[in-house]
Amino acid sequence: MVKTATLTMAATCAALLGACGSDSQPAPAESANADAHRMLLASLSDKVFIPKLQVASAEAGKLQVATSAWLLDVASDDARDAARNQWANTMRAWQEVELLQIGPAGGMGTVAGGQDLRDRIYSWPLTNRCRVDQETLEDAWQNPASLEMEAANVVGLDALEYLLFFEGEGNDCSELSAINTDGSWDALTPAERRERKAGYADALAAKLAIDVNALLGAWDPLAGNFAAELAGAGRDSATYPTAQAALNALTDALFYIEEETKDMKLAKLLGLSEDCPELSCPDALESPFAEHGLANVDANLAMFDAVFHGADDGLGFDDLLTDMGAGALASEMSAAIAAAKQAVEAVAASGNSFTQLIATNPDALLPIHDTLRALGLLLKTQFLSVLDLELPERAEGDND
Amino acid sequence: MSCPSGPKATTIRRGLPSRLGQQISAPADGAGLAVFRVLFGLMMTVGAVRFIANGWIERFFETPTLFFHYDGFAWVEVLPTWAMHGLFWLMAILGLCVAAGLFYRPAMILLGVAFTYVELIDVTNYLNHYYLVTLLCVVCAVLPLNRMWSLDARRRPEIARQTTPAGAYGLLRFQVGLVWIFAGVAKLTTDWLIHGQPLGIWLSARTDAWLIGGMLDQPWVALAFSWAGMLHDLLIVPALLWRPTRTVAFAVMLAFHLVTGWLFHIGMFPVIMIIGATVFLSPSWPRRAAAWIGLQPASLPPASTVSSRVSRPLMALAIVWCTAQVAIPLRTFAHDGDVAWHERGMRFSWRVMVREKNGSVDYRVHIDGRERPLVVSPRRYLTAHQAREMSGQPDLIAQLAHHIAADYRSRGVEVRAVYVDALASLNGRPPAPLIDPAFNLIAIDDVVERAAWIRPAPTTDPIHLRPVRWAQPTR
């Protein structure tokens, strides 16, 4: 009996120690669903993420060529238009990758493996056009090193859009801003301003090409190889202790379609958000000068579609859900994606731009919002439940 | 447990109350409770330091801008972050005081008050084991756990006793035992026993676990775990109380809580239950254990087996307390429908880990002078953690609706109505409406009305998951 009691006490102490240490992850082992998760993540990396990044990188390279051509012939509207067209191609490619704020693209300290690479490429909604105007005037962009030191909102695709597409002669700063009070902005002739904008745009395009390439490099198996972190989650990954953690990180990224695409790019615009006290808020429009708002939404959806269904005969979430017995959910989500894409196509086919519709008939955009909402609903409820996933940014805490 | 009677044992009287009083006042070795006190105090210290170290003060008390209140406790406000840090450090120190038996009673009372205050700040932080800690603090503050192996006993020899009334063990066993019993009853559902959910969902996401991970996505494993969990919870109390099965039961309980603690994020819950289970052991178990390793005499000195008579008011108080402890969880059964869906009576009823629920909530706020309602996401007011907890709990959804209306009104905007599109997925079912979307939530004034606007639970079966075995890409 004494022995029994002692053993019991020893076991109790061991239990307490064990339970206290339960936050640490056990050693990984060969497993079942986790293997499927790793295969899904590996397939998505190979067939979706890296190819999409390659496209974005190639487009960014072409943009650099186009802006350089414009800089060589600043007065040419054709050269500027070519740069604009290439910006649109690059933006289209980026808006697909924009969903991929997982790993290197994500925020340092907020996303596992985050290196803050996204904000250097595209900082929306932190866009600050007055700062871009100030930089245009200051010439600091002529030095690539000083450009590296600049805040994210004066570099990247959003600053480029303003430089390439805004045709007004004024600036976005208040009357009290130094560039207006000291007359330095007005001191420039329209031709000088155009030349500076072309130079600044070219410097930004060069930097953009480097930054997108850096992101691609972070994923590339021959360089940073972040793809291996996903494929090896729970085994030899330094970023993800389990395959489930990696799957969770990816679904966090998918919530872009709900929180950014639906809420920020549409609800606010349509006056459905309390951020917009009016019937519509055109100021909330993304890519307003390039009239690229609808294309951005379409690209976001295209990436969501690719992740959900896989690409190039690769695996997607639909395969996982179907094979684990949630085929009905996979079908419902597929239908929701298709409905959202149809809604976008219907608006695009109308020939009206986002800006026109917001001004004249914002209700025409409601079907896009509503179909995205239906998709987000499935994402937030049954999808999270079936895969036992956590919401983005959910505080890690206890449960019982 | 053997409790030798002393010469000053309670006078024998006729009748059940008298016999009960005798049993309660009978002297029992105080060693078991002394060790329980030490372990409980240390656990509180570790828990408080862990909370600070994990940055949870900032996450749960600094970042949120809105807190959900318990009925009747809307006056509880969060302290500034520096003060919350101070409070948790104070709890850590008080835990050490409790463990050492130093100024035991005031330390335990303060610890209980501080912990309960923290628990009351935000309903979305509710955990069954936090509630258990609060109850144990109350019980332990009343019991004389500092009479043995304590600094108080060393400072004040007149309070030192080697024994304690057997009723102290009984009260703690009752308090801890109720958790298992009600948790077991809560598992008597078709979702749990027939469909193996929500364990099936949770286990199939834990297939990275060492050694057993590869089989955790098998449906039979979820069912086996479900039945084992239910049987454990229902049988562990009698098995721990009955001497012939006690040792085996303790080992099973240990294994059960270690496995659940390892597989799921349940924090300190297994630790609390394991510590709580020590009160079911023989009161002399620490003494025997110490003797076995040569530290102290094996048996209780005969001269120290003096009983302390438990006063009648104290006994009456204990009876009232125990009755309340049974009645509070039982209130769940006063409501029709699935409690995991409507959540009425879910809290404080030991329904531990019986649901996987995710919801989607959007408020439609109708304000004066505006044709189209504003769609307000809960995330505007809540952290992701709060939003997720709220999205499956109708009373919190209603509480936020009232807050939204008040927020608008404070800005000079008259709110006509607040409706909600709230859908929830319970144990993997397709999302279903949780709340009537045509019901104006700010028209709700009292809890009695709640049933009218909560939609019935879905009648479909929960999802049945299959293991996925991909040798190579399926396409």
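**Cysteine pairing in the predicted model**

The structure is a predicted model, in which local features need pLDDT of at least 70 and side-chain atom pairs count only at pLDDT 80 or more, whereas totals for chains, interfaces and linings use all residues. Side-chain values use heavy atoms, with hydrogens and water left out, residues are numbered from 1 along each chain as its sequence is written, and chains are lettered from A and ligands numbered from 1 in the order in which they are written.

The bond is formed by A:Cys130 and A:Cys173, whose sulfur atoms lie 2.0 Å apart. The pair links distant parts of the chain, 43 residues apart, with A:Cys130 in helix α5 (residues 129–138) of chain A and A:Cys173 in the loop between α7 (156–165) and α8 (178–181) of chain A; helices (H or I, at least four residues) and strands (E, at least two) are DSSP runs numbered from the N terminus. The link of A:Cys130 and A:Cys173 is right-handed, with 100 degrees about the S-S bond, and A:Cys130 is likewise buried, at 14% relative accessibility.

In chain B, B:Cys97 takes part in no disulfide, the nearest cysteine sulfur, that of B:Cys137, being 13 Å away, and B:Cys97 is buried at a relative accessible area of 17%. B:Cys322 is also in no disulfide, with the nearest cysteine sulfur, that of B:Cys140, 13 Å away, and B:Cys322 is buried at a relative accessible area of 18%.

Terms used
A disulfide is a pair of cysteine sulfur atoms within 2.5 Å. Buried means under 20% relative accessible area, exposed over 50%, partly exposed in between (1.4 Å probe, protein chains only).
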